[in-house]
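The sequence and the model are shown first.

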Amino acid sequence: MSSDSIITLYDAPSDFNGKAWSANMWKARYALNYKGVPYKTFWLEYPEIEPTMRSIGAAPTRKKPDGSPLYTLPVIVDPSRTAPSGGPTVVSESFHIAEYLDETYPTPSTGALFPPGTKALQQLFYDHFYKNVAMVTIPMALPELFKHLNEGSRPYWRLTREAMLGGKLEEVCPKGFEKWNGVWDELEKAFGVLAALLDKNGKDGNTLVMGTHPTFSDFVIAAFLEMHFLLCPEEWQRMRTWNGGRWGRLRDQCAKWRSVH
(Lines give C-alpha, C1' and ligand atoms only; values in the text may rest on other atoms or scores of the structure.)
Protein backbone atom coordinates (compact mmCIF):
# COMPACT_ATOMS: atom_id res chain seq x y z
CA MET A 1 0.00 0.00 0.00
CA SER A 2 1.36 3.44 -0.95
CA SER A 3 2.27 5.73 1.94
CA ASP A 4 0.07 8.37 0.28
CA SER A 5 -3.03 6.21 0.71
CA ILE A 6 -2.66 5.20 4.37
CA ILE A 7 -3.93 6.99 7.45
CA THR A 8 -1.86 9.78 8.93
CA LEU A 9 -1.87 10.10 12.73
CA TYR A 10 -0.90 13.54 14.00
CA ASP A 11 1.10 13.39 17.24
CA ALA A 12 3.35 15.65 19.31
CA PRO A 13 6.96 14.47 19.79
CA SER A 14 9.17 14.25 22.87
CA ASP A 15 12.75 13.23 23.60
CA PHE A 16 11.67 9.70 24.57
CA ASN A 17 12.81 6.86 22.36
CA GLY A 18 10.12 6.57 19.69
CA LYS A 19 8.94 10.15 20.42
CA ALA A 20 5.42 9.10 21.51
CA TRP A 21 4.45 9.94 25.10
CA SER A 22 0.94 11.37 25.50
CA ALA A 23 -1.87 9.23 26.94
CA ASN A 24 -4.31 10.91 24.57
CA MET A 25 -2.25 9.95 21.55
CA TRP A 26 -1.48 6.46 22.88
CA LYS A 27 -5.23 5.72 22.94
CA ALA A 28 -5.47 6.34 19.20
CA ARG A 29 -2.18 4.55 18.50
CA TYR A 30 -3.26 1.46 20.46
CA ALA A 31 -6.56 1.44 18.55
CA LEU A 32 -4.84 1.66 15.15
CA ASN A 33 -2.34 -1.05 16.02
CA TYR A 34 -4.99 -3.36 17.48
CA LYS A 35 -7.14 -3.00 14.36
CA GLY A 36 -4.10 -3.63 12.17
CA VAL A 37 -4.81 -0.52 10.09
CA PRO A 38 -1.69 0.78 8.28
CA TYR A 39 -0.76 4.32 9.27
CA LYS A 40 2.10 6.76 9.50
CA THR A 41 2.82 9.45 12.09
CA PHE A 42 3.19 13.14 11.32
CA TRP A 43 4.92 14.91 14.21
CA LEU A 44 3.88 18.44 15.18
CA GLU A 45 5.40 20.72 17.79
CA TYR A 46 2.76 22.40 19.93
CA PRO A 47 2.72 25.81 18.16
CA GLU A 48 2.11 23.96 14.88
CA ILE A 49 -1.01 22.10 16.02
CA GLU A 50 -3.70 24.78 15.62
CA PRO A 51 -2.62 26.12 12.19
CA THR A 52 -2.13 22.61 10.85
CA MET A 53 -5.48 21.38 12.15
CA ARG A 54 -7.22 24.39 10.65
CA SER A 55 -5.51 23.79 7.32
CA ILE A 56 -6.64 20.14 7.09
CA GLY A 57 -10.19 20.85 8.26
CA ALA A 58 -9.99 19.07 11.62
CA ALA A 59 -12.80 19.75 14.07
CA PRO A 60 -11.88 21.54 17.33
CA THR A 61 -12.40 19.36 20.39
CA ARG A 62 -13.51 22.02 22.86
CA LYS A 63 -13.27 25.74 23.57
CA LYS A 64 -10.57 27.89 25.11
CA PRO A 65 -11.43 30.04 28.15
CA ASP A 66 -12.07 32.99 25.79
CA GLY A 67 -14.61 30.96 23.80
CA SER A 68 -12.45 30.42 20.72
CA PRO A 69 -12.03 26.89 19.32
CA LEU A 70 -9.34 24.65 20.78
CA TYR A 71 -7.57 22.21 18.49
CA THR A 72 -5.96 19.18 20.11
CA LEU A 73 -4.36 15.89 19.11
CA PRO A 74 -4.79 13.09 18.22
CA VAL A 75 -6.24 13.60 14.77
CA ILE A 76 -6.23 11.16 11.88
CA VAL A 77 -6.57 11.79 8.17
CA ASP A 78 -7.79 8.89 6.01
CA PRO A 79 -7.20 9.59 2.31
CA SER A 80 -8.87 6.33 1.30
CA ARG A 81 -12.28 7.56 2.48
CA THR A 82 -13.84 10.66 0.95
CA ALA A 83 -15.59 13.09 3.29
CA PRO A 84 -18.81 14.94 2.29
CA SER A 85 -16.60 17.96 1.53
CA GLY A 86 -14.87 15.93 -1.18
CA GLY A 87 -11.55 15.74 0.64
CA PRO A 88 -10.11 12.96 2.81
CA THR A 89 -11.87 11.99 6.03
CA VAL A 90 -10.50 13.82 9.08
CA VAL A 91 -11.34 12.63 12.61
CA SER A 92 -10.47 14.42 15.87
CA GLU A 93 -10.24 12.98 19.42
CA SER A 94 -9.36 9.45 20.42
CA PHE A 95 -12.89 8.20 21.24
CA HIS A 96 -14.19 9.36 17.85
CA ILE A 97 -11.13 7.89 16.13
CA ALA A 98 -11.85 4.51 17.72
CA GLU A 99 -15.49 4.74 16.63
CA TYR A 100 -14.40 5.56 13.08
CA LEU A 101 -11.95 2.65 12.96
CA ASP A 102 -14.62 0.19 14.12
CA GLU A 103 -17.11 1.45 11.55
CA THR A 104 -14.67 1.71 8.63
CA TYR A 105 -12.26 -1.15 9.32
CA PRO A 106 -14.18 -4.01 10.99
CA THR A 107 -11.98 -6.78 12.39
CA PRO A 108 -14.09 -9.86 13.15
CA SER A 109 -10.99 -11.96 13.92
CA THR A 110 -9.81 -9.76 16.79
CA GLY A 111 -13.04 -8.14 17.89
CA ALA A 112 -14.37 -4.60 17.95
CA LEU A 113 -13.13 -1.74 20.09
CA PHE A 114 -16.80 -1.17 20.91
CA PRO A 115 -18.63 -4.52 20.93
CA PRO A 116 -22.36 -4.16 20.17
CA GLY A 117 -24.24 -2.48 22.98
CA THR A 118 -21.16 -1.26 24.87
CA LYS A 119 -20.48 2.19 23.44
CA ALA A 120 -22.55 4.10 26.00
CA LEU A 121 -21.06 2.12 28.89
CA GLN A 122 -17.55 2.67 27.55
CA GLN A 123 -18.23 6.39 27.29
CA LEU A 124 -19.26 6.37 30.96
CA PHE A 125 -16.12 4.41 31.85
CA TYR A 126 -14.00 6.89 29.85
CA ASP A 127 -15.53 9.83 31.70
CA HIS A 128 -15.08 8.12 35.09
CA PHE A 129 -11.45 7.30 34.39
CA TYR A 130 -10.62 10.81 33.23
CA LYS A 131 -12.31 12.59 36.13
CA ASN A 132 -11.45 10.22 38.98
CA VAL A 133 -8.09 8.73 37.97
CA ALA A 134 -6.30 10.71 35.27
CA MET A 135 -6.97 14.13 36.78
CA VAL A 136 -5.30 13.06 40.04
CA THR A 137 -1.89 13.03 38.33
CA ILE A 138 -2.05 16.41 36.60
CA PRO A 139 0.02 18.19 39.29
CA MET A 140 2.86 15.69 39.12
CA ALA A 141 2.75 14.82 35.41
CA LEU A 142 3.01 18.36 34.04
CA PRO A 143 6.50 19.28 35.29
CA GLU A 144 7.85 15.85 34.33
CA LEU A 145 6.39 16.18 30.87
CA PHE A 146 7.81 19.67 30.41
CA LYS A 147 11.33 18.26 30.84
CA HIS A 148 10.86 15.92 27.88
CA LEU A 149 9.27 18.24 25.33
CA ASN A 150 11.36 19.50 22.44
CA GLU A 151 12.56 23.09 22.51
CA GLY A 152 10.08 23.91 19.74
CA SER A 153 7.17 23.14 22.08
CA ARG A 154 8.33 24.25 25.52
CA PRO A 155 7.57 28.02 25.50
CA TYR A 156 4.11 27.57 23.96
CA TRP A 157 3.28 24.63 26.19
CA ARG A 158 4.30 26.46 29.36
CA LEU A 159 2.35 29.58 28.39
CA THR A 160 -0.88 27.71 27.59
CA ARG A 161 -0.74 25.31 30.54
CA GLU A 162 0.01 28.03 33.06
CA ALA A 163 -2.95 30.01 31.71
CA MET A 164 -5.11 26.90 32.18
CA LEU A 165 -3.78 26.24 35.71
CA GLY A 166 -3.80 29.86 36.81
CA GLY A 167 -0.17 29.97 37.96
CA LYS A 168 3.40 28.97 37.27
CA LEU A 169 4.14 25.27 36.96
CA GLU A 170 6.55 25.57 39.86
CA GLU A 171 3.78 27.04 42.02
CA VAL A 172 0.87 24.71 41.26
CA CYS A 173 2.77 21.42 41.19
CA PRO A 174 3.66 19.52 44.38
CA LYS A 175 6.99 20.28 46.02
CA GLY A 176 8.89 18.06 48.36
CA PHE A 177 8.89 14.37 49.10
CA GLU A 178 5.72 14.32 51.22
CA LYS A 179 3.57 16.20 48.70
CA TRP A 180 4.87 14.09 45.82
CA ASN A 181 4.13 10.90 47.73
CA GLY A 182 0.73 12.29 48.65
CA VAL A 183 -0.24 12.49 44.98
CA TRP A 184 0.84 8.89 44.43
CA ASP A 185 -1.12 7.78 47.50
CA GLU A 186 -4.21 9.48 46.09
CA LEU A 187 -3.64 7.83 42.72
CA GLU A 188 -3.28 4.42 44.37
CA LYS A 189 -6.64 4.91 46.08
CA ALA A 190 -8.25 5.87 42.76
CA PHE A 191 -6.88 2.73 41.12
CA GLY A 192 -8.11 0.71 44.08
CA VAL A 193 -11.66 1.94 43.46
CA LEU A 194 -11.28 1.09 39.77
CA ALA A 195 -9.95 -2.40 40.55
CA ALA A 196 -12.88 -3.06 42.88
CA LEU A 197 -15.30 -2.12 40.11
CA LEU A 198 -13.57 -4.37 37.59
CA ASP A 199 -13.44 -7.24 40.08
CA LYS A 200 -17.21 -7.47 39.69
CA ASN A 201 -16.36 -9.30 36.44
CA GLY A 202 -14.72 -11.99 38.58
CA LYS A 203 -11.39 -12.37 40.36
CA ASP A 204 -9.85 -14.83 37.93
CA GLY A 205 -6.76 -12.79 37.09
CA ASN A 206 -8.23 -11.38 33.88
CA THR A 207 -7.11 -7.77 33.52
CA LEU A 208 -9.47 -6.76 30.69
CA VAL A 209 -12.45 -4.49 31.29
CA MET A 210 -14.83 -6.62 29.22
CA GLY A 211 -13.12 -9.85 30.17
CA THR A 212 -12.90 -11.47 26.72
CA HIS A 213 -10.80 -9.36 24.37
CA PRO A 214 -9.37 -5.83 24.51
CA THR A 215 -11.75 -2.94 23.99
CA PHE A 216 -11.28 0.80 23.84
CA SER A 217 -11.61 1.00 27.63
CA ASP A 218 -8.56 -1.22 28.09
CA PHE A 219 -6.55 1.08 25.85
CA VAL A 220 -7.71 4.11 27.85
CA ILE A 221 -6.09 2.56 30.92
CA ALA A 222 -3.05 1.22 29.04
CA ALA A 223 -2.40 4.64 27.49
CA PHE A 224 -2.38 6.25 30.93
CA LEU A 225 -0.05 3.55 32.26
CA GLU A 226 2.33 3.94 29.33
CA MET A 227 2.62 7.70 29.83
CA HIS A 228 3.49 7.20 33.50
CA PHE A 229 5.91 4.41 32.69
CA LEU A 230 7.76 6.98 30.55
CA LEU A 231 7.40 10.04 32.77
CA CYS A 232 7.93 8.43 36.19
CA PRO A 233 9.89 5.18 35.73
CA GLU A 234 10.83 4.83 39.40
CA GLU A 235 7.26 5.38 40.61
CA TRP A 236 6.02 3.01 37.91
CA GLN A 237 7.79 0.15 39.70
CA ARG A 238 5.51 0.83 42.64
CA MET A 239 2.44 1.43 40.49
CA ARG A 240 2.74 -1.83 38.57
CA THR A 241 2.32 -3.81 41.81
CA TRP A 242 -0.93 -2.17 42.91
CA ASN A 243 -4.01 -4.37 43.17
CA GLY A 244 -2.10 -7.61 42.91
CA GLY A 245 -0.04 -6.47 39.94
CA ARG A 246 -3.11 -5.91 37.79
CA TRP A 247 -1.80 -2.76 36.09
CA GLY A 248 1.62 -4.16 35.32
CA ARG A 249 -0.05 -7.18 33.71
CA LEU A 250 -2.33 -4.97 31.64
CA ARG A 251 0.57 -2.91 30.31
CA ASP A 252 2.44 -6.11 29.46
CA GLN A 253 -0.63 -7.54 27.76
CA CYS A 254 -0.93 -4.45 25.53
CA ALA A 255 2.75 -4.43 24.55
CA LYS A 256 2.03 -6.08 21.19
CA TRP A 257 0.01 -2.99 20.15
CA ARG A 258 2.52 -0.39 21.32
CA SER A 259 4.55 0.11 18.12
CA VAL A 260 5.12 3.57 16.65
CA HIS A 261 4.86 3.89 12.87
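In this predicted model, Glu144 is buried, with a relative accessible area of 16%, whereas Lys147 is partly exposed at 47%. The two side chains meet in a salt bridge, with 3.1 Å from N to O. Both residues belong to helix 5 (residues 138–148), where they sit 3 residues apart, a separation of about one helical turn. An α-helix has 3.6 residues a turn, so residues three or four places apart point the same way.

By the rule of a side-chain nitrogen of Lys or Arg within 4 Å of a carboxyl oxygen of Asp or Glu, the count comes to 17 salt bridges.

| Pair | Closest N and O atoms |
|---|---|
| Asp102 and Lys35 | 2.7 Å |
| Glu226 and Arg251 | 2.7 Å |

Asp102 forms a salt bridge with Lys35. Asp102 lies in helix 3 (residues 94–104) and Lys35 in helix 1 (residues 23–35), so the pair ties together parts that are 67 residues apart in sequence. Asp102 counts as buried at 15% relative accessibility, and Lys35 counts as buried at 7%.

Glu226 forms a salt bridge with Arg251. This pair links distant parts of the chain, with Glu226 in helix 9 and Arg251 in helix 11 (residues 242–253), 25 residues apart. Glu226 is buried at 4% relative accessible area, and Arg251 is buried at 9%. Salt bridges with shared partners also join Arg158, Glu162, Lys168 and Glu170 into one network.

Helix 9 (residues 216–231) has 16 residues and should span 22 Å at 1.5 Å a residue; the end C-alpha atoms are 23 Å apart, which agrees.

Conventions: Residues numbered from 1 in each chain as written. Predicted model: local features only at pLDDT ≥ 70, side-chain atom pairs only at ≥ 80, totals over all residues. Heavy atoms only, no water. Helix = DSSP H or I, 4+ residues; strand = E, 2+ residues; numbered from the N terminus. Expected span 1.5 Å × (residues − 1). Buried < 20%, exposed > 50% of the residue type's maximum accessible area, 1.4 Å probe, protein only.
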